[in-house]
Amino acid sequence: MLECYSFSIKITGETMLKECIIQHFSPVDDWEEKQRQTGRFIEEFAEERELGQPRFKIQNHLFHENHPIVIRKHRRFAPYPLHSHHFLEFNYMLQGTSKQVVNGKEITLKENQLLLLDTDSQHELAALGEADLLLNFLFRTKDLKLSSL
């Protein structure tokens, strides 16, 4: 028997790791339920409340001192407004598709595709549907940028 430790879900036999991850991230959480009911973006961070600005910038407060990487499900059911970050972000389209505008360019991220976003990249996302699962891998950076690699 193989255990998916990070998600505390036991998987056996032919069950794939991807299915384990989908099972973990598929349930609709409270934030998503609010967005599904209203169709509107619900703020989670202080920066998101500054929506009167042309865009906002998410700070490093998502990271704990000894944890420079955060993995989160992108909330579904409402568009996410134009923003940037003080950190690197990788978007992995686990299931479905995601329409985004990145630095002014429209893209569609398809299942199993990865999008790398440098610090200060500006992007916004169209609403994801019930079957769409987009994972955000956030990497705290100090002086590291993709352009310097």
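Analyst: Arg 76 forms a salt bridge with Glu 32, and their closest N and O atoms are 2.7 Å apart. Arg 76 lies in the loop between S4 and strand S5 (80-85) and Glu 32 in helix H2, so the pair ties together parts that are 44 residues apart in sequence. Helices (H or I, at least four residues) and strands (E, at least two) are DSSP runs, numbered from the N terminus. This is a predicted model, in which local features need pLDDT of at least 70, side-chain atom pairs count only at pLDDT 80 or more, and totals for chains, interfaces and linings use all residues. Residues are numbered from 1 along each chain as its sequence is written, and side-chain values use heavy atoms, with hydrogens and water left out.

User: Why is the pair of Arg 76 and Glu 32 called a salt bridge?

Analyst: The label requires a side-chain nitrogen of Lys or Arg within 4 Å of a carboxyl oxygen of Asp or Glu. For Arg 76 and Glu 32 the closest N and O atoms are 2.7 Å apart, so the pair meets the definition. Side chains of opposite charge can pair when their charged atoms come close. By this rule the count comes to 5 salt bridges.

User: What makes Glu 32 part of a network?

Analyst: Glu 32, Lys 73 and Arg 76 are linked in a network of salt bridges. Lys 73 forms a salt bridge with Glu 32, with the closest N and O atoms 2.7 Å apart. That pair links distant parts of the chain, with Lys 73 in strand S4 (residues 69-73) and Glu 32 in helix H2 (residues 30-38), 41 residues apart. Contacts, meaning heavy atoms within 4.5 Å, connect Glu 32 to Pro 27, Lys 73, His 74, Arg 75, Arg 76 and Phe 77, not counting residues up to four places away in sequence.

User: How do you know whether Glu 32 and Lys 73 are buried or exposed?

Analyst: Buried means under 20% relative accessible area, exposed over 50%, and partly exposed in between (1.4 Å probe, protein chains only). Glu 32 has 0% and therefore counts as buried. Lys 73 is at 13% relative accessibility, so Lys 73 is buried. Arg 76 is buried too.

User: Which salt bridge does Glu 130 form, and why are its residues called partly exposed?

Analyst: Glu 130 forms a salt bridge with Arg 36, and the closest N and O atoms are 2.5 Å apart. Glu 130 sits in the loop between strand S10 (123-125) and strand S11 (133-140), and Arg 36 in helix H2, 94 residues apart. Glu 130 counts as partly exposed because its relative accessibility is 44%. Arg 36, at 35%, is therefore partly exposed as well.

User: What makes S4 and S9 edge strands?

Analyst: 4 strands form an open sheet in the order S4-S11-S6-S9, with antiparallel pairing. S4 and strand S9 (114-117) each have a single partner strand, so one side of each is left without a neighbour in the sheet. Neighbouring strands of this sheet are turned by 15 degrees against each other on average, direction ignored.

User: How do you know that S6 and S9 pair?

Analyst: Two strands pair if DSSP finds at least two bridges between them. Strand S6 (residues 87-95) and S9 are joined by 4 bridges and run antiparallel, so the pair meets the definition. Glu 89 stands opposite Leu 117 in S9.

User: What is the average pLDDT of the chain?

Analyst: The chain averages a pLDDT (the predictor's confidence in each residue, from 0 to 100) of 77, and 68% of the residues score at least 70.

Definitions and conventions. Axes are lines fitted to C-alpha atoms, for helices over the stretch in contact, and angles run from 0 to 180 degrees between N-to-C directions.
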